[in-house]
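Thanks for making the time this morning. I would like to walk through one model with you, slowly, and please keep the sequence open beside the structure while I talk.

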Amino acid sequence: MNEILKMKGVSKSFGSFKLKNIDFDIKEKEIVAFLGPNGAGKTTTIKLIMNGLKKDKGEIIFMGSFVNSNDVDFRRHIGYMPESGTPYEFLTAREYLEFLIGVYGIEKSKSREKIKEVLSIFNLNDEKKHIRTYSKGMKQKVLFLGAIIHNPKLLILDEPFNAIEPQTAMLMKNILLEMKNDGCGIIFSSHILEIVEKLADRVILINNGEKMGEGSIANIKEKGGLEEFFKTLTNAYQVDENTEKIIDVIKS
Amino acid sequence: MIQALFTAYYKEWVRGGNGRRLLQVLMLVMLPVMIYLFSVLTSQGLFSRIPMVLNTGVFIVFIASSIYSFSYRTEAEDKLTDDFPMDFIPVNQGYAFLMQMAFVTILLYIVVLLSFFSGALILNAILIDGKRMYPFMQTLSTIKPLIFGLAYTIFFGSLFGGFLGSIVKKISDNFSGGLKRFALIAMYVIVFMLFRKYFTDSYGIMSNEGFLVSGYMFSISGLSSVFVNLFFDEFSLPQFSASMIASAALLVSYIGVNGKKWKFIKDFELHTDLRDQNVKFLSPMWNLVLKRIFTTPIIVLVTLYTALILFVAIAPGFVALYAAIGIASYVYLFMFLDRIFPSKNENYRHILDMIPVRKEKVNGMIMGIYYIFFLLPFFAANYVMMSNAFTMQNMLPEPNTLSQFIALYFLPFTLSAVIPSIFAANPYFLSENDKGKKQSRGFVIIVLILSYIFISNLTLFMNMYLVNPMFQDFVQKMFWNNGYYVFKTFVYFIVFFALYIHISSIFSFFMSFKENKNTV
């Protein structure tokens, strides 16, 4: 499988937070899950790939070429779903997708009916509703559709299943698997271990701004499963002890 | 792609939220009206003192609207928590910027042209003593040269405003909160410096015609002109450069010591210990509100501000200090407003609904802080400046009648009621209301700016009325010879409304100390 994206020794620091020497790659036809506790550096890493933040050092290589800041060509081949993105709020879902189609240079007349159909499948077919009136989950759906609409080579999804209803989550998972089979490389971050276990081929674990480990799902399952992998690498063994402490505080 | 961007801009712009609606009023109603009044009234030679004031006002409004129009560009602080489409779609930032500029230019040009024609039609209907004052064709022929000149003015105004806004955003990316907003003020200072001649002319005309009264002083153009002239006439360029270098060195050392990291300093208050202090005799709720507002920089500014006011009161001849007070008050204004209004992500409703505190108590506390720490220093500064600098120049008239008194104090009295009325309409510390809607900080700032423009212009016209018999005659003949009573009723209504807001807000502050058995 060909390598689509490679991160080499990427570091970034701001305030008291430091992301240290992150190395990983994503290949064609592969789904990689980015796992880690809150504040571990998952979103920061994703934003470094998307150029929302500038790296302090290291290299990001996309299909053999270095990615520079504001790299328009790079973005043409990437689909990105931010964790808390704000689509243009005064457009309807259809108008927003049509806007993206225009930006990506896809012919609008051919896609209008298809957009309608897709929105109806995702339960977003109210033509008059502006995005600002949408719930968090509905906004996530719009962002997901915006990320995949141009059939990207690399799909980057930051917590894509947050606030998503079960039937849409199942639909999204199937779409991702189909895209993967078509050659797309996918990286997504998530806290939901069950989804990671079912969807990902490989897992990268990050904690306190450092890459703690990496492994294929098959290997991880052999060694006791994803929960055990997570607990070992993030020192999350004190759950029982901490539970007792909190109950004590409440009672006192 | 151009079509896609234009469509998105257009739809976002036309639909907009409350904040953008107000911006639309500013750009699409007030700007054409001001340009129109300026062009038509100048050419007719009527009320010869108005044009320059309006002209300068138009210019500033124009620059401001251009800058605020480019709201699609994201800010560094947002990138950590939010993503906007412009960050991840394959569009070059410079290209997007040019498209936005083109969009605003075309929009403004069309709107202003349309307003010229409709304005000419409205003026055509004015009959005084049976005589048509502004015949349609005559008005059109008068403003014909402007139609061509306007394209030039709008394009370069937008270009200048846009680039200026862009540069300021780049600079202010290093800061957040009130300091970031202060960077916008810095931009205005640059505008003043670049267009100094403009303001000097305005100031000169007003001074020669004896029009340096409070109405003019408080208008946008008046304040800007006086500020610029005081600054540059009394403060020579070497002094100015030296003070700027000293301030910059101070800022750098402050950041160097406290922030350590240049790029990601997130407002000074993150690096202060004062926030950990509690005032023991006050309730936890009071401590919460005080801690939120009184950060180290605000305390430093209050001290500096008070010291400057005292110094001017003692040594009134030191006119350069007025400029320093002006700058300190602007910084203070922005930092204070930033602290007193929660950001779009803060929603105190959820906190306040969970704890046993009455919303009236919270609002009363906010009002108390507003009156004591915000209005009081401002009025003190104004009092010292007016009673020293301007009585020194024998320009300040003594009010003899109630109308004159109202005209003199109309602006500070009514403008200071804007924030309390916003809080009254949006209780729970501006958090979301029962319908789930929350006013943004941007909305509040735009309301304040619009109120200032409206009130300052109304004050200007009131003062015009008091000193110009020709204008008195014109006003009286409006509304079927009842113009004076109509406008007087309107002004008195605003004054009494402001009075009601002030009294109820101060009352709510005192009531906030009232303890309830079941509440904190």
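This is a predicted model: local features need pLDDT of at least 70, side-chain atom pairs count only at pLDDT 80 or more; totals for chains, interfaces and linings use all residues.

B:Gln100 counts as buried because its relative accessibility is 3%, where buried means under 20% relative accessible area, exposed means over 50%, and partly exposed lies in between, all with a 1.4 Å probe and protein chains only. The residue sits in helix α6 of chain B, residues 93-124, and here helices are DSSP runs of H or I of at least four residues, strands are runs of E of at least two, and both are numbered from the N terminus. From C-alpha to C-alpha, B:Gln100 is 8.4 Å from B:Leu5 in space, although 95 residues separate the two in sequence.

Residues are numbered from 1 along each chain as its sequence is written, chains are lettered from A and ligands numbered from 1 in the order in which they are written, and side-chain values use heavy atoms, with hydrogens and water left out.

Chain B has 24 helices and two strands, and 51% of its 520 residues count as buried. If we take contact to mean heavy atoms within 4.5 Å, then among the contacts in chain B with a separation of 6 or more, 78% are between residues 24 or more positions apart. Chain A comes to ten helices and ten strands, with buried residues making up 53% of its 252 residues, and 67% of its contacts between residues at least 6 apart in sequence join residues at least 24 apart.

Two packed helices are described by the angle between their axes and the distance between the axes. For α3 of chain A and helix α1 of chain B, residues 2-15, the angle is about 150° and the axes are 8 Å apart; axes are lines fitted to C-alpha atoms, for helices over the stretch in contact, and angles run from 0 to 180 degrees between N-to-C directions. That makes α3(A) roughly antiparallel to α1(B), the term for angles over 145 degrees, with under 35 being roughly parallel, 65 to 115 roughly perpendicular and the rest oblique. On the α3(A) side the contact is made by A:Glu95, A:Phe99, A:Gly102 and A:Val103, and on the α1(B) side by B:Ala4, B:Leu5, B:Ala8, B:Lys11 and B:Arg15. These residues divide into five nonpolar, one polar and three charged, counting Ala, Val, Leu, Ile, Met, Phe, Trp, Tyr, Cys and Pro as nonpolar, Asp, Glu, Lys and Arg as charged, and the others, Gly among them, as polar.

Staying in chain A, against what do the buried residues of α4(A) pack? They pack against α3 (93-103) and α5 (136-148) of chain A, and the buried residues in α4(A) are A:Ser111, A:Ile115 and A:Leu119. An α-helix has 3.6 residues a turn, so residues three or four places apart point the same way. Helix α4 of chain A, residues 108-121, has a kink of about 25° centred on A:Lys114, the bend at a residue being the angle between axes fitted to the seven residues ending there and the seven starting there. Just after α4(A) comes A:Asn123, in the loop between α4 and α5, and this residue has a positive phi of about 60° although it is not a glycine.

Back in chain B, the axes of helix α18, residues 402-415, and α21 come within 9 Å and cross at roughly 175°, and the two helices are therefore roughly antiparallel. The residues of their contact divide into eleven nonpolar, six polar and no charged. Leaving aside residues up to four places away in sequence, B:Ser451 touches B:Leu415, B:Val418 and B:Ser456.

Note on methods:
The expected span of a helix is 1.5 Å times one less than its number of residues.
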